Every structure is written in structure tokens, then in C-alpha cells.
Amino acid sequence: MDHPPAGAPETAQQRIWVDADACPGVIREILFRAAERARVEVTLVANQWLRTPGSRYVRSIQVPAGLDVADNEIVRRLQPGDLVVTQDIPLAALVLEKGGVALNPRGDLYTPDNIAQRLSMRNFMDELRGAGVQTGGPPVFHARDRQAFANQLDAWLARRR
């Protein structure tokens, strides 16, 4: 379901799309504040209902559950130059192919120069897990990750002006 807030701006300006099912709450909060400050549309895409603040710049789209449904919705709506916040490396690769900017919640920018290596590492780790090797989970989310994300977001916002 698409839930645009009343009076939402309809512009051709660059937007921020959030692969929200796995996005940390603290990152969503940074994005909500940035939406108001920079007057940029932020859209959360998830297969569950998400609480969003009452803002003309923030909305959510709920998609059906299923493999890559949220990813496909983001790619379908994405315009060149839009920012996508995601931890999903295959989604980041699609974003780059379509001319978007992909940023991980830890502040790592996906680029044409690093995406192939990241995809290879992801596939290798999937193979290890498939073979029963315990690979551990992601590292703990630190304040420095939050700061790195905020810095990259600010840089993107500055470039769009």
C-alpha cells in the first residue's frame, strides 16, 4: 500500500528510498530529520507497516511479503541521482546500474569501483553458509557507523542543491 502524507510535495527532485525492513531505527531517525531540514522526500519501502512521523516529506510504501519484492519496488520507482539506503548488495548493484546512489546504513558508499568485489564476497559468504560454515553475524552497530552514515548523507544532500 502506498501512504503519501497529505500535502506531499510532487517534484522531480532527487529522492531518498530506504530498504526499510533491515534499516536500523537510528538511521531512520537521521533520515527523518534530514527530510525536514533539507526538504527532501524520504520513502520507506518494507513488507510490513512502519511508523513514520507526521511529515510532508516522509512516507512509506508497504509491499507484499516475498523475496526481493521491496527491492524490485525501489528499483521500479528509482530515478537517476536518487539515493537508496540499503544493506542489500544485489539491490545496491541494481541502483548503480540505474544511475542511483547506494549507501549502506554504516556509511559505506557503494560505487562502480567496489560493487563487484562486494558482490563476490557476499556470494562467497553465502556459499560458506550453505556448506554449514558458521560465518557469524554483522559487527555491532557503533556510534562511528551512525556518524559515517550522517556524513555521507550530508554530502549527498549538499551535492543535490
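A: Start with the cut-offs: angles under 35 degrees count as roughly parallel, over 145 as roughly antiparallel, 65 to 115 as roughly perpendicular and the rest as oblique. Our model is predicted, so local features need pLDDT of at least 70 and side-chain atom pairs 80 or more, while totals for chains, interfaces and linings use all residues. Residues are numbered from 1 along each chain, and side-chain values use heavy atoms, without hydrogens or water.

Q: How do I read two packed helices?

A: Use the angle between their axes and the distance between the axes. Here, helix α1 (residues 25-38) and helix α5 (residues 143-160) pack at about 25°, axes 11 Å apart. That's why α1 and α5 are roughly parallel.

Q: Which residues make the contact (heavy atoms within 4.5 Å)?

A: From α1, they include Ile-27, Ile-30 and Leu-31; among those from α5 are Phe-149, Leu-153 and Arg-160.

Q: How do the residues of that contact divide?

A: Into nine nonpolar, no polar and four charged (Asp, Glu, Lys or Arg).

Key. Axes fitted to C-alpha atoms, helices over the stretch in contact; angles between N-to-C directions. Helix = DSSP H or I, 4+ residues; strand = E, 2+ residues; numbered from the N terminus. Contact = heavy atoms within 4.5 Å.
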